[in-house]
Amino acid sequence: MSLHQDVHQKDQTEKLCGRSVRELIDRFGRRITYLRISVTDRCNLHCHYCMPAGRPTWFEREKLLSFEEIWRFVRVCSELGISKVRLTGGEPLLRSELPELVAMLRKIPGIREIAMTTNATLLARYAESLKIAGLDRLNVSLDSLRPERFARITQSDAFHQVWRGIETALSVGFAPLKLNVVVIKGINDDEVVDFARLTARYPFHVRFIEYMPIGANREDWERGKVVSCAEIRERIAREIPIKHAASDSEGKGPERTYAVCDGKGCIGFISPVSDEFCSACNRMRLTSDGKLRGCLMRNGELDIRDALRRGATDDELRELVLEAVARKPEKHTINSPDFEFSDFYTMNRLGG
Ligand code: SAM
Ligand code: SF4
């Protein structure tokens with residue numbers, strides 16, 4: 001780190017410790033307003049790109065944060081300027097009382113948006129109670145519209161169950177519904193036009209995501225399997241008229257390009273590999289074992305669970321958040337030789 005950066009970081013931390021500032025601004029000038037929380041590492045699917053092959057090993061129950069611990073940490077973060085949280089996992093709905101957590105978080109002043117990312121296998125059962133509890137937005141991950149292929153990717157024949165979950169979510173008012181599609185060469189890249197066409201009939205915001213080197217076995221990811229968002233966009237544009245349009249979230253997060261088709265929904269592109277978006281990053285992550293992390297793709301965590309359990313005061317928790325923000329790296333290193341693959345923090349533990 002250069003001296004200049006070091007001084008800037010100190011200034012920033014002092015300013016933040018001054019309590020009058022309710023903003024988290026890191027040393028690269030990014031305003032941090034968004035916390036993603038992996039509420040469990042467990043999952044009822046086994047997507048080959050997310051978790052290593054073989055029998056998964058889960059954290060013991062006591063390693064996961066309780067709802068009270070999550071609530072307390074989010075309350076402290078909200079006082080520092082975090083206004084959006086996303087519940088993710090593993091599969092968040094495997095924590096069957098999840099609507100209760102949503103209701104608890106809803107009551108925190110300063111939290112303006114609560115979202116969840118789910119595989120939708122249990123959504124038909126929970127969509128209504130999540131809506132009543134105050135969940136604002138839902139993202140559903142779905143990588144194939146073909147039941148047999150879905151089964152190969154996820155090692156589960158739950159396609160129809162997922163589709164029922166999606167329909168229930170729409171019927172209780174989760175629209176537009178975001179659909180996350182991880183595109184992998186030779187696995188599902190021939191379906192990108194089908195996914196785009198769905199937006200003619202449904203109020204879906206389909207987001208194509210490049211395959212990242214996290215989660216699967218080290219040897220599973222190779223650059224040749226990544227389909228760049230530019231290529232996906234081109235393939236779609238050959239079949240369907242699309243045009244660029246500014247979205248609400250453009251500039252605030254990783255979704256850089258946003259295009260609409262004629263119809264009820266739209267499509268978007270998230271390109272962590274081919275087009276780094278780190279300068280617009282506004283987020284921190286709480287892993288399912290209670291560690292706070294500044295970057296999805298760079299190792300280095302602070303232990304929030306330990307602090308909560310040894311009786312840390314709110315001030316001490318705030319200091320940890322400030323430290324994590326001060327340490328937030330400028331960018332990920334997927335495209336550099338320094339990139340460190342983590343066997344421990346797989347995607348289900350990090351929350352995606
Ligand atoms: N189980 C939930 C689900 O699938 O939506 C939430 C957790 S999942 C880890 C969160 C997101 O990470 C999903 O949209 C998933 O597709 C994405 N993801 C997992 N592994 C990935 C990888 N290697 N590259 C890109 N995205 C990945
Ligand atoms: Fe489970 Fe989601 Fe990972 Fe698939 S992507 S294995 S559904 S956590």
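Which handedness does the crossing of α2 and α3 have? The crossing of α2 and α3 is right-handed, where right-handed means that the near helix is turned clockwise from the far one by less than a right angle, and left-handed that it is turned anticlockwise. Here are some notes to read beside the model.

1. **What you are looking at.** This is a predicted model, in which local features need pLDDT of at least 70 and side-chain atom pairs count only at pLDDT 80 or more, while totals for chains, interfaces and linings use all residues. Residues are numbered from 1 along each chain as its sequence is written, chains are lettered from A and ligands numbered from 1 in the order in which they are written, and side-chain values use heavy atoms, with hydrogens and water left out.

2. **The overall picture.** The protein has 11 helices and 14 strands; these are DSSP runs numbered from the N terminus, with helices being H or I of at least four residues and strands E of at least two. Of its 352 residues, 55% are buried (buried is under 20% relative accessible area, exposed is over 50%, and partly exposed is in between, with a 1.4 Å probe and protein chains only). Take the contacts (heavy atoms within 4.5 Å) between residues at least 6 apart in sequence: 73% of them join residues at least 24 apart.

3. **Helices α2 and α3.** Back to the opening pair. Helix α2 covers residues 67-79, and it packs against α3 at about 25° with the axes 10 Å apart. The axes are lines fitted to C-alpha atoms, for helices over the stretch in contact, and the angles run from 0 to 180 degrees between N-to-C directions. The two helices are therefore roughly parallel (under 35 degrees; over 145 is roughly antiparallel, 65 to 115 roughly perpendicular and the rest oblique). From α2 come F67, E68, I70, W71 and V74, which meet L98, E100, L101, M104 and L105 of α3. Sorted by class, this contact has eight nonpolar, no polar and two charged residues. Nonpolar here covers Ala, Val, Leu, Ile, Met, Phe, Trp, Tyr, Cys and Pro; charged covers Asp, Glu, Lys and Arg; the others, Gly among them, are polar.

4. **Helices α3 and α4.** Helix α3 (residues 98-106) also has α4 (residues 123-133) as a partner, with axes that come within 8 Å and cross at roughly 15°. That angle makes α3 roughly parallel to α4, and their crossing is right-handed. On the α3 side the contact uses P99, V102, A103 and R106, and on the α4 side Y126, S129, L130 and A133. These residues divide into six nonpolar, one polar and one charged.

5. **Helices α4 and α6.** Helix α4 packs in turn with α6, at about 20° and with axes 8 Å apart. The pair is therefore roughly parallel, and the crossing is right-handed. L123, A124 and A127 of α4 touch R164, G165, T168 and A169 of α6. The classes here are four nonpolar, two polar and one charged.

6. **Helix α7.** In α7 (residues 192-201), the buried residues include V192, V193, F195, A196, L198 and T199. Among the elements that cover the buried residues of α7 are α6, β7, β8, α8 and β11. A200 is in this helix too, but counts as partly exposed because its relative accessibility is 42%. A200 lies 64 residues from K264 in sequence, yet their C-alpha atoms are 5.4 Å apart.

7. **Around ligand 2.** The residues surrounding ligand 2 are C43, L45, C47, C50, M51, G90 and N119 (near means that a heavy atom lies within 4 Å). This shell holds five nonpolar, two polar and no charged residues.

8. **Backbone points to check.** Most residues other than glycine have a negative phi, and most peptide bonds are trans. A120, in the loop between β5 and α4, has a positive phi near 70°; at 0% relative accessibility, A120 counts as buried. Q155 has a positive phi of about 55° and sits in the loop between α5 and α6, where Q155 is exposed at 56%. The peptide bond from A175 to P176 is cis, with omega near -5°, and P176 is in the loop between α6 and β7.

9. **S288.** Beyond its neighbours within four places in sequence, its contacts include S38, T40, D41, F59, N348 and R349.
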